[in-house]
Amino acid sequence: MFSAMHNSTKNIYQAVELIKRSTYTVAFTGAGISVESGIPPFRGEDGLWSKYDPVFLDINYFHQYPEKSWRLIKEIFYDFFGQARPNAAHFALAEMEKKGILHSIITQNIDNLHHKAGSKQVFEFHGNSRNLLCQKCSEYYPVKKIDLSNLPPKCLNCGSILKPDFVFFGEPIPEYANSNSFIEAINAEVFILIGTTGEIMPASLIPFEAKKNGKKIIEINVVPSNYTPVITDIFLQGKATVIMQQLLSTLTGQKI
Ligand SMILES: [Zn+2]
C-alpha cells in the first residue's frame with residue numbers, strides 16, 4: 001500500500017516535470033472523464049449500449065425513422081446528458097488552459113462538458129450535441145433555440161429534419177476536427193490521455209500519431225488500457241478528478 005502510494009506520488013512529480021518543460025501540451029479525453037459527471041460510457045457493462053440498441057444512431061436508420069431515432073436521442077442526449085455538470089477534471093483542464101499550461105483538448109465526447117467548464121480550444125472529434133444541423137440547407141441551430149417537444153425537430157429555414165451535430169454510425173469524422181486533431185498530435189510535446197481506453201477507431205489512432213512523432217505520453221485511467229504497455233511513458237492510475245486535481249495543484253505549486 002505504502003509503495004503504491006509512493007509510486008503514484010513519484011509519477012505525479014515526473015508528469016509535472018514533463019508538463020513544465022513542455023511548450024506545447026495537448027489533452028486527449030474520452031468517456032472516462034465524464035463518468036464522474038454521471039454520464040455513462042457507451043460501452044461496457046453499465047454502458048448505454050447495454051440498455052439501448054445502437055441502431056438508433058445509425059445514419060441510415062435516422063433518415064428512415066427520424067421520429068423513432070429522435071425520441072431516444074432526446075431522452076439520452078438532451079433530457080439526461082443535458083443535466084450533467086462538468087467535474088473537477090474538466091475544470092482542472094480549463095484552468096490549465098487559462099494559465100497557459102495546456103494548449104488544447106481533443107475530445108471524443110459529445111457531452112459539451114469541456115465547454116461548460118470554460119475550455120476554449122477544444123477539438124470535438126465526434127462533433128457535439130450543442131448544435132443541430134439541417135440535413136438539406138446546412139443551417140446550424142443551437143439546440144437551446146429549438147423546441148424538442150415536437151419530434152423530429154425541423155429546420156426553421158427549409159422545413160427539413162434537423163440532426164444533432166455529432167457523428168452517427170456510418171458518418172465520416174468532421175474534416176475540421178479530424179485534421180486538427182492529428183495536427184495537434186504532431187505539434188504536442190506532451191500528450192495527456194484521460195479516461196480513454198483506445199477502443200474507438202479512428203480516434204484511437206491519435207495518441208499513436210503523437211507517440212510516432214517522439215512525444216511523451218502521460219496516461220490517466222482507473223485501470224491500464226490498450227495504450228499503457230505500448231505507448232505510455234507515465235501512467236497515473238486513478239479517477240480523472242483526483243489525478244487532475246493533484247496534477248494541477250502540483251503544477252501551480254499548491255499543496256496536494
Ligand atoms: Zn434547412
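Met201, Leu205, Phe208 and Val230 come together in a nonpolar surface patch of about 390 Å², a handy place to start looking at this predicted model. One of the four, methionine 201, sits in the loop that runs between β7 (190–194) and α7 (206–212). Its relative accessible area is 58%, so Met201 counts as exposed, the cut-off being over 50%.

Phenylalanine 77 shows what the packing looks like from one side chain: leaving aside residues up to four places away in sequence, Phe77 touches Phe42, Phe56, Leu57, Leu72, Gly82, Ile110 and Phe166.

As for cysteines, the structure holds zero disulfides. Cysteine 134 has a relative accessibility of 1% and therefore counts as buried, a label that applies under 20%. Cysteine 155 is buried too, because its relative accessibility is 5%.

Next come the charged side chains. Side chains of opposite charge can pair when their charged atoms come close. In this model the count comes to eight salt bridges. One of them links arginine 71 to glutamate 67, with 3.6 Å between the closest N and O atoms. These two residues are four apart in helix α3, so about one helical turn separates them. Both ends of the pair are partly exposed: arginine 71 has a relative accessible area of 49%, and glutamate 67 has one of 40%.

Another salt bridge joins the side chains of lysine 98 and glutamate 95, at 3.9 Å from N to O. Lysine 98 is exposed, at 67% relative accessible area, whereas glutamate 95 is partly exposed, at 27%. Glutamate 95 also pairs with lysine 99, where the closest N and O atoms are 3.5 Å apart. Lysine 99 is partly exposed as well, with a relative accessible area of 46%. Through these shared partners, the salt bridges tie Glu95, Lys98 and Lys99 into one network.

How values were computed
Residues are numbered from 1 along each chain as its sequence is written. This is a predicted model: local features need pLDDT of at least 70, side-chain atom pairs count only at pLDDT 80 or more; totals for chains, interfaces and linings use all residues. Side-chain values use heavy atoms; hydrogens and water are left out. Contact means heavy atoms within 4.5 Å. A disulfide is a pair of cysteine sulfur atoms within 2.5 Å. Buried means under 20% relative accessible area, exposed over 50%, partly exposed in between (1.4 Å probe, protein chains only). Patches are made of residues with over 30% relative accessible area and no salt bridge: like charges are joined within 9 Å, nonpolar side chains (Val, Leu, Ile, Met, Phe, Trp, Tyr) within 5 Å. Accessible areas come from the Shrake-Rupley method with a 1.4 Å probe; for residues, only the protein chains shown count as cover. A salt bridge is a side-chain nitrogen of Lys or Arg within 4 Å of a carboxyl oxygen of Asp or Glu.
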